[in-house]
Amino acid sequence: MERRPVPVVPLPRDRFASPITSKAPTLPEIPHRHYVPFEAEFAVAVFVGSYLAIWAAVFSSLAGDWSFLDGFYFCMVTLTTVGYGDLTPCESPLCRLLGITFIWTNVLVVSAVLGIVGARVEREVTRVGRLLRAPQLAVHFAALGFFIILMALSYSSAESKSILDGLYFSTVTLSTVGYGAFAPSKSMRLLMCPVLFVGVVSVGSIAGYFASAAESRLKRQLKPYGKPTRAAISLLVLLLFALTGGLIFKDAGGEHWSINEAIYFATVTMTTVGYGDIAPVTTGEQKVLAILFVWLSITLLAVLFGFISAEAEQLEQLIDYPQAKRKRHGGRAVLLLSGLHLLCAASFAVVESWSFVDSLYFTSVTLTTVGYGDLAPKTKMGRMMTSALVLTGWIWLDDR
């Protein structure tokens, strides 16, 4: 039997061409909110540089023994609210009043430029995450770890300190606690300025990520009011955490503190005020505990304030707060904060036997979490008042 050849049927060409000519997978685009025009970034850089230079010239001329670089370093640690306390304004009333003006002006400057600086940081973090195909939070933590290690190694080698001392210094710096027990020498001050600015913004971005995550998660679960809200529970957790942290340092840390001193230390640490009048720097165990406590505090506070912000927004929606009333409410909030400022200043003047200008200066560096440490409460009543002030003022300013 003769076999017939099997006909060859040509396959469609596009069946082979489609896998070859298909588009390569593209990386996700950077969110539009992270795009900031170069002109805006340049204007912010010029403005911040000029702003710090003018105030540096003012403070260096008033101090007498400061160089211009010392004044610039002082302005930078004040702007970032680190406030080591190694350099502080002179004790004359004029210096105190100029210091108060500079501190509160920083609040306006930071609120104005932080969005642009934060957008640049987020853009670079997003770009690195796209290249490495890594989550944005992981890139933030990697950058934070890089800054911590870099600052720790630089400080320990330049100041002849141990690596643990370097880690302790970098922790209290990047978290803006700034006890002042360790401070950079004159040779390191200029190098600290850019690291301070970028590192503090990076820490703020991580805290903002946790706060936003907590806020968005709570918004999906919010129900009408009627039971104790998570905001109230968050404040209770905050107070218990301060009490627990103080007791841990009092007992496990080996410090001979009273309960009042322990709560006072934990409160000024959690709120990143960090006067430095009480600081755990005696043993290595205390420094390790301080490092863990500082970073745990930042994470916990970010989550708790995310809950508080979500419930505050829901409350405004429930009562249908008009925009015009919100503006009037903001003006009243400023007046109330000013009244609180003056009332606390008068109270500290009586309790601590300070002048009214010194008390006003102390209240300013406390409410803004700068906490130089050149003035710190010594009496039990003063420390109790300070603990209440830093929590109340910090919550208020954070909400504004």
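Guide: Angles between axes under 35 degrees count as roughly parallel, those over 145 as roughly antiparallel, 65 to 115 as roughly perpendicular, and the rest as oblique. Please keep in mind throughout that this is a predicted model.

Visitor: What makes α4 and α12 roughly parallel?

Guide: The axes of helix α4 (residues 93-132) and helix α12 (residues 356-367) cross at roughly 25° and come within 9 Å. Since roughly parallel requires an angle under 35 degrees, α4 and α12 are therefore given that description. Their crossing is left-handed, with Arg96, Leu97 and Trp104 among the contacting residues of α4, and Asp358, Leu360 and Tyr361 among those of α12.

Visitor: How do you know that Asp358 forms a salt bridge with Arg96?

Guide: The closest N and O atoms of Asp358 and Arg96 are 3.0 Å apart, and a salt bridge requires the side-chain nitrogen to lie within 4 Å of a carboxyl oxygen, so the pair qualifies. It links distant parts of the chain, with Asp358 in helix α12 and Arg96 in helix α4, 262 residues apart. A search of the whole structure finds 3 salt bridges.

Visitor: Why are α2 and α4 described as roughly antiparallel?

Guide: The axes of helix α2 (residues 38-63) and α4 come within 11 Å and cross at roughly 165°. Because roughly antiparallel applies to angles over 145 degrees, α2 and α4 are placed in that class. The crossing of α2 and α4 is left-handed.

Visitor: What makes Leu236, Leu240, Leu243, Leu247 and Ile259 a nonpolar patch?

Guide: Nonpolar side chains are joined into a patch within 5 Å, provided that each residue has over 30% relative accessible area and no salt bridge. These five residues form such a patch on the surface, with about 410 Å² of accessible area together. The largest share, 4 residues, comes from helix α8 (residues 230-251), and Leu236 lies in that helix.

Technical notes:
Residues numbered from 1 in each chain as written. Predicted model: local features only at pLDDT ≥ 70, side-chain atom pairs only at ≥ 80, totals over all residues. Heavy atoms only, no water. Patch = residues over 30% accessible without salt bridge, like charges linked within 9 Å, V, L, I, M, F, W, Y side chains within 5 Å. Areas by Shrake-Rupley, 256 points an atom, 1.4 Å probe, with all protein chains shown as cover. Helix = DSSP H or I, 4+ residues; strand = E, 2+ residues; numbered from the N terminus. Axes fitted to C-alpha atoms, helices over the stretch in contact; angles between N-to-C directions. Left-handed = near helix turned anticlockwise from the far one by under 90°. Contact = heavy atoms within 4.5 Å.
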